[in-house]
Structures are given as structure tokens and as C-alpha cells.
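Here is a short briefing on one chain. Look over the sequence and the model, then read the points below.

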Amino acid sequence: MHELDDENTLAKVIASLKEQLGVQDIKKIAVGNEFYIFKTVYKSGPVIIKVPKDRVFSNVNDAHIDSRVLLDQEFALMRHVTESGI
């Protein structure tokens with residue numbers, strides 16, 4: 001079981017996101033093996049939020065991978081793609 005599979009914990013995370021972003025509504029739009037995907041509308045338009053189910057992932061393929069490292073890598077890749085006009 002993942003940390004965010006608990007409905008109470010997930011509700012607290014959603015409430016925290018609403019407060020931090022200053023939005024009224026956040027909808028869960030997808031669930032993967034390692035992340036939840038949410039959508040909200042921010043001042044500048046629609047926003048997708050990717051939230052890891054655990055702080056550290058450990059499975060048969062990956063031993064103790066910090067979810068923040070994965071998100072940082074994905075952000076760097078998205079920045080590169082955007083700056084390259086792709």
C-alpha cells in the first residue's frame with residue numbers, strides 16, 4: 001500500500017494543494033503505479049499536478065528512489081523540450 005492510497009491522507013494532500021494554490025476545486029483525473037494526476041484551474045489557466053504516491057519508491061526494479069528526484073528529472077526534460085520548441 002502506498003502512503004496516498006489512504007483516503008484520509010489523500011484528502012489532506014488535496015486540501016493542502018488547494019490552500020497553497022488558492023484554488024477551490026482540484027479533480028483527480030488519473031492514477032498510475034507511482035503517481036496521482038490532478039487538474040485544477042489556476043489564475044493563468046488549467047494546471048495539471050502530479051503527486052507521488054510515496055516519498056521514496058522501492059520495488060524489484062528500483063531500490064530507494066526519491067520521488068523528488070524523478071519529478072526534478074521530468075521537470076528538466078519538460079523545460080528542455082519547451083525551450084527546443086518541441
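Is His64 buried or exposed? His64 is exposed, because its relative accessible area is 65%, above the 50% cut-off. The model is predicted. Its chain has an average pLDDT of 90, and 100% of the residues reach at least 70.

**Confidence**
- Strand 4 has the lowest confidence in the chain, with a mean of 88.
- Helix 2 has the highest, at 94.

**His64**
- His64 sits in the loop that runs between strand 4 (56–57) and strand 5 (65–66).
- Its phi is positive, about 55 degrees, although His64 is not a glycine.
- Most residues other than glycine have a negative phi.

**Asp66**
- Asp66 belongs to strand 5.
- Asp66 counts as partly exposed because its relative accessibility is 22%, which falls between the cut-offs of 20% and 50%.
- Beyond its neighbours within four places in sequence, Asp66 contacts Arg55 and Val56.
- The side chains of Asp66 and Arg68 make a polar contact of 2.8 Å.
- Asp66 and Asp54 are twelve residues apart along the chain, and their C-alpha atoms are 8.7 Å apart.

**Largest pocket**
- The largest pocket holds about 270 Å³ of space.
- Its lining has 14 residues. Val51, Pro52, Asp54, Arg55 and Ser67 lie nearest the centre.
- Helix 1 (7–21), strand 3 (45–52) and helix 2 (67–83) each contribute at least two lining residues.

Key: Residues are numbered from 1 along each chain as its sequence is written. This is a predicted model: local features need pLDDT of at least 70, side-chain atom pairs count only at pLDDT 80 or more; totals for chains, interfaces and linings use all residues. Side-chain values use heavy atoms; hydrogens and water are left out. On a 1 Å grid over the protein atoms alone, a cavity is a set of points where a 1.4 Å probe fits but cannot get out, and a pocket is an open set with protein on both sides within 12 Å along at least five of seven lines; lining residues have an atom within 4 Å of a point. Grid points are joined across faces, edges and corners, and a volume is the space filled by probe spheres set on the points. Helices (H or I, at least four residues) and strands (E, at least two) are DSSP runs, numbered from the N terminus. Buried means under 20% relative accessible area, exposed over 50%, partly exposed in between (1.4 Å probe, protein chains only). pLDDT is the predictor's confidence in each residue, from 0 to 100. Contact means heavy atoms within 4.5 Å. A polar contact is a pair of N or O atoms within 3.5 Å; within protein, one must be able to donate a hydrogen and the other to accept it, and residues adjacent in sequence count only if both atoms are side-chain atoms.
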